[in-house]
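Please consult the sequence and coordinates alongside the text.

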Amino acid sequence: MTAPATPGYGLPGAGATRPQRPRRSCLAVPGSNPRFLEKAQGLPADLVFLDLEDACAPLAKEGARHAIVEALNTGDWAGKTRVVRVNDWLTEWTYRDVITVVEGAGQNLDCVMLPKVQDAEQIVALDLLLTQIERAMGFEAGRIGIEAQIENARGLVNIDTIAGASPRLETLVFGPADFMASLNMKTLVVGEQPPGYGADAYHYILMRILMAARTHDLQAIDGPYLQIRDVDGFREVAGRAAALGYDGKWVLHPGQIEASNEIFAPSQADYDRAELILDAYAWHTSAAGGAKGSAMLGDEMIDEASRKMALVISGKGRAAGMRRTTRFEAPEG
Ligand code: GLV
Ligand code: MG
């Protein structure tokens, strides 16, 4: 296949060049609900996505496009990543969603989320449209990122080419509700395990998305948990995704935000330990520390692999604004 003349198409690892934004909690806000558009601005989510897709009825979509433009241009979204979820390319709404929102509020928008992505061409199509709008409007080229929702079997099968399809890509997002429907999974409780299987029915999907994301330096985000009053249930499901390595999860209700921010940040003890490992390893590998390849930190042996693991934890802690409570002291003599 010949690469089309769109920047970065097919280049693996392009995500590394994008800003690494905190996405511990990604708040869904229906674009057709002015009260929620207002309220979301005061909530402590890392990211908000203003929704033109499934939270917005077909007859409300046109009004919602304009409400979103207004909210982005006049609202106070300080400290939050601003995303708009458009409709998927198999509807009649996508092009108009993108043109209205990006022409109207492109300078106050960080990413466009594309749902139900099935192949790389759908990402390329959005990339091209964004590029044209940026040129026509005089916006900075390539600044607006793309978030891709993986929500059906075809999207998962094609995930590696999707993940490398554009340098605008920042995340791959698991969409459990649509995914369960696409697989004919025998349950109606989104985010919970289907009864009768006895193991984690989502493990393969979550890992597959994570592998593709890490291969292309993208973030991996877990989707919604619809039992919004069951915060313990949310904590359990979010904890599983965080343990695998996911960067964050969707939240649908203020009660889920704090839990998500906590679960997707390291614990204070892990954060302190990670910073200590980085300092200790830097010292032991330096001339002053004897230029060693491995060393002891307390009872633990640390080496280059320990440093890489510590970098991940410290990166997440720093992004969450954590402060260390311990200092490294070089051993005497
Ligand atoms: C989200 O879009 C989902 O389908 O779960
Ligand atoms: Mg969906």
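The model is a predicted one. Its eight strands form a closed barrel in the order β1-β2-β3-β4-β5-β6-β7-β8, with parallel pairing. On average, neighbouring strands of this sheet are turned by 25° against each other, direction ignored. In general, the strands of a sheet pair through backbone hydrogen bonds, in either a parallel or an antiparallel sense.

## Strand β4 and its neighbours

Strand β4 comprises residues 111–114. Both of its faces are covered: Cys111 and Met113 lie on one side, Val112 and Leu114 lie on the other, and all are buried.

On one flank, strand β3 (residues 81–85) pairs with β4 in the parallel sense over three bridges, and Arg85 has Met113 as its bridge partner in β4. The pairing of β4 with strand β5 (residues 145–150) is likewise parallel, over four bridges.

Strand β6 (residues 169–174) pairs with β7 in the parallel sense over three bridges, with Ile221 as the bridge partner of Val173 in β7. Between β7 and strand β8 (residues 248–251), parallel pairing extends over two bridges, and Ile221 stands opposite Gly248 in β8. A right-handed β-α-β unit is made by β7, helix α9 (residues 231–244) and β8.

## Magnesium site

Which residues coordinate the magnesium ion (ligand 2)? The ion is coordinated by Glu151 through OE and Asp178 through OD, at 2.0 to 2.1 Å. Glu151 lies in the loop between β5 and α5 (153–157), while Asp178 belongs to helix α7 (residues 176–183), so the pair ties together parts that are 27 residues apart in sequence.

Are the two coordinating residues buried or exposed? Glu151 has a relative accessible area of 3% and is therefore buried, the cut-off for that class being under 20%. Asp178, with a relative accessible area of 24%, is partly exposed.

Conventions: Residues numbered from 1 in each chain as written. Chains lettered and ligands numbered in written order. Predicted model: local features only at pLDDT ≥ 70, side-chain atom pairs only at ≥ 80, totals over all residues. Heavy atoms only, no water. Pairing = 2+ DSSP bridges. Axes fitted to C-alpha atoms, helices over the stretch in contact; angles between N-to-C directions. Right-handed = clockwise from strand over helix to strand, strands pointing away. Donors = N, O, S within 2.8 Å, 3.2 Å for Na, K, Ca; no water. Buried < 20%, exposed > 50% of the residue type's maximum accessible area, 1.4 Å probe, protein only.
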